Amino acid sequence: MQKIASLSRITTLIILISGLLACSTTSNKIAREANSWPQGMPSRAYFVKVYEADKANKDIQTQEEYLTWIVRFYNGWELYRRGWIKMTDELVAQVEDPRQVKEIKHKIDRIGRLVSGEWAKKSDTRTIYLRHVSIWGNALLESLDRNEALPLINRVNQDVDDLLAHKINADVITAERYFPPDENDPFL
């Protein structure tokens with residue numbers, strides 16, 4: 001009975017690893033081929049330029065790997081399904097004023113370019129981590145419920161600028177920075 005259970009676990013593990021490798025291979029292929037660059041993202045050339053500008057990262061990460069993480073940031077991947085494109089679409093779908101949609105989209109696109117360009121780097125060289133992306137994404141969606149989208153987008157833009165310029169420490173980026181806990185709501 002134990003041999004069957006062990007064999008079942010090994011088979012499941014092999015299937016899981018194969019699936020992850022297949023997803024990774026597809027992302028790598030997309031990152032390599034300029035003509036298959038996904039729609040709705042800033043240009044591949046923009047990110048190649050960002051990659052080329054960071055010698056420290058370039059020494060430890062291939063361009064292909066960097067671009068693969070850019071694609072994952074925008075499209076999501078097996079470990080984080082909601083990519084920046086989906087989050088942006090969810091955000092603007094809840095705004096009725098077309099002028100506000102245009103302004104929000106412009107500012108969110110800027111945040112996405114700056115954040116993804118940094119987040120896609122190897123951990124040893126980057127300033128922005130998945131924790132930050134998750135906090136910002138959740139805060140942006142929460143801002144809609146509170147009818148505070150533009151002020152929050154402006155605050156996130158400033159924090160991204162300050163973080164990249166090393167004016168603030170990465171540890172100050174917390175969920176409470178944007179929306180303090182509500183003592184009357186035990187679920188927040």
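**Helix packing, questioned**

Me: Why is the crossing in which α2 passes α4 called right-handed?
Reply: Look along the line from one helix to the other. A crossing is right-handed if the near helix is turned clockwise from the far one by less than a right angle, and left-handed if anticlockwise. α2 passes α4 in the clockwise sense, so the crossing is right-handed.

Me: What kind of model is this?
Reply: This is a predicted model: local features need pLDDT of at least 70, side-chain atom pairs count only at pLDDT 80 or more, and totals for chains, interfaces and linings use all residues. Residues are numbered from 1 along each chain as its sequence is written, and side-chain values use heavy atoms, without hydrogens and water.

Me: How many helices and strands does the protein chain have?
Reply: Nine helices and zero strands. Both are DSSP runs numbered from the N terminus: helices are H or I, at least four residues, and strands are E, at least two.

Me: What makes α2 and α4 oblique to each other?
Reply: The axes of α2 (residues 44-53) and α4 (residues 63-75) come within 10 Å and cross at roughly 130 degrees. Axes are lines fitted to C-alpha atoms, for helices over the stretch in contact; angles run from 0 to 180 degrees between N-to-C directions. Under 35 degrees is roughly parallel, over 145 roughly antiparallel, 65 to 115 roughly perpendicular, the rest oblique. The pair is therefore oblique.

Me: Which residues of α2 and α4 meet?
Reply: R44, F47, V48, V50, Y51 and E52 of α2 meet Q63, Y66, L67, I70 and Y74 of α4. Contact means heavy atoms within 4.5 Å.

Me: Why are α5 and α7 called roughly parallel?
Reply: α5 and α7 pack at about 10 degrees, with axes 10 Å apart. That angle makes α5 roughly parallel to α7. W84, M87, E90 and L91 of α5 touch G137, L140, L141 and L144 of α7.

Me: How do you know that the span of α6 is close to the expected one?
Reply: α6 (residues 98-119) has 22 residues and reaches 30 Å from first C-alpha to last. The expected span is 1.5 Å times one less than the number of residues.

Me: What makes a residue of α6 buried, and which are?
Reply: Buried means under 20% relative accessible area, exposed over 50%, partly exposed in between (1.4 Å probe, protein chains only). I104, K107, I108, I111, G112, V115, S116, G117, E118 and W119 are the buried residues of α6. Their cover includes α2, α4, α5 (84-93), α7 (130-145) and α8 (149-164).
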